[in-house]
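I have a single chain open and want to jot down what I look up as I go. Here is what I'm working from.

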Amino acid sequence: MAPRDRVLVGVITAAHGIRGEVKLRSFTAEPRAIAAYSPLTTAAGASFEILHMRPQKDGFIATLKGVSDRNAAEALKATELFVPRARLPKPGADEVYVHDLIGRSVEGADASRLGEIVDVVNYGAGDLIDVRRADGAGTVLIPFARPFVVAADGDKVVVDLPEGWLDLKETE
C-alpha cells in the first residue's frame, strides 16, 4: 500500500499491566472511533484487532488480539497504527485529513508562495502546520485554524498571517 493509501489513526504509547494490554492514543476526530476501524495495520504490515478498549487519562487501555503478555505489549511501544484510506469517510465541508496536508503548497492571501507543509504537530492547543519556507529561512509553525487558514482545498493551503509573523527575531 502506498503511503497516501493509508492514514495514521493512532499509536501504541506503552504497555499496561501484565496481561498484554497497551496504552493507545487515538488520532481520530472522535477518539473512540478508532475501534471501528479495527483491524489496524503497522508500517511494517502487521495487523492488530482491538478486542476491548476502556478510557484512561491520555487515551485508552486496549486489549489487542494476539498480544497476551507484558513482553509482547512492551515490544509494541511507539507502534503507529494505520487504516486504509478507502475505509475512512470522505471529509465534510471545511474538513481535511491532517495526513493530506503534508506536501501541500502554502500561499499567502495575496497569492505569494510561502512554502510547503512538511509536518502537522499538536502540542495540546490545536494543530499547527510546519511550513518549510520558500525563501530558505527554515520552517515556521502556523495554527491550522481560522483566522490564520483561509482555505485548504485542492493542492494548496491559503493563509492570512498577522503583520510580522514571518519576520525572524533574534532572542537575547
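**Starting at Leu114**

I began with Leu114, which counts as buried at 17% relative accessibility; buried means under 20% relative accessible area, exposed over 50%, and partly exposed in between, with a 1.4 Å probe and protein chains only. I'm reading a predicted model, where local features need pLDDT of at least 70, side-chain atom pairs count only at pLDDT 80 or more, and totals for chains, interfaces and linings use all residues. Residues are numbered from 1 along each chain as its sequence is written, and side-chain values use heavy atoms, with hydrogens and water left out.

Leu114 sits in strand β9, residues 113–122. Which residues does Leu114 contact, leaving aside neighbours within four places in sequence? I listed Val106, Glu107, Gly108, Val131, Arg132, Arg133, Ala134, Val159, Leu161 and Leu166, where contact means heavy atoms within 4.5 Å. I also checked Leu114 against Gly17: they are 97 residues apart in sequence and 48 Å apart in space, C-alpha to C-alpha.

**Whole chain**

I count 2 helices and 13 strands. The C-alpha atoms fill a box of roughly 55 × 45 × 25 Å along the principal axes. Of the 172 residues, 35% are buried. Among contacts between residues at least 6 apart in sequence, 46% join residues at least 24 apart.

**Cores**

Next I looked for nonpolar cores, meaning sets of buried Ala, Val, Leu, Ile, Met, Phe, Trp, Tyr and Cys residues joined through side-chain atoms within 4.5 Å. The largest has 21 residues, and Ile12, Leu24, Ile34, Leu40, Ile50, Met53 and Leu64 touch the most other members. β1 (6–16), β2 (21–26), β5 (50–56), β6 (59–64) and β7 (80–84) each supply at least two residues of this core. β1 gives the most to it, with 4 residues. I then noted a second, separate core of 14 residues, which includes Ile129, Val140, Phe148 and Val159. As background, nonpolar side chains in soluble globular proteins tend to be buried together.

**Glu21**

Is Glu21 buried or exposed? It is buried, with a relative accessible area of 17%, and it lies in strand β2. Its side chain makes a polar contact of 2.7 Å with that of Arg54. By polar contact I mean a pair of N or O atoms within 3.5 Å; within protein, one must be able to donate a hydrogen and the other to accept it, and residues adjacent in sequence count only if both atoms are side-chain atoms. Other contacts of Glu21 beyond four places in sequence include His16, Ile61, Thr63 and Ala73.

I flagged a cis peptide bond from Ser38 to Pro39, with omega near 5°; Pro39 lies in the loop between β2 and β3 (40–41). Another cis bond joins Arg146 and Pro147, with omega about 10°, and Pro147 is in the loop between β11 (139–143) and β12 (149–151).

Ala78 has a positive phi near 75°. I found Ala78 in the loop between α1 (70–74) and β7, exposed at 56% relative accessible area. Ala111 also has a positive phi, about 75°; it is in the loop between β8 (105–108) and β9 and is exposed at 54%.
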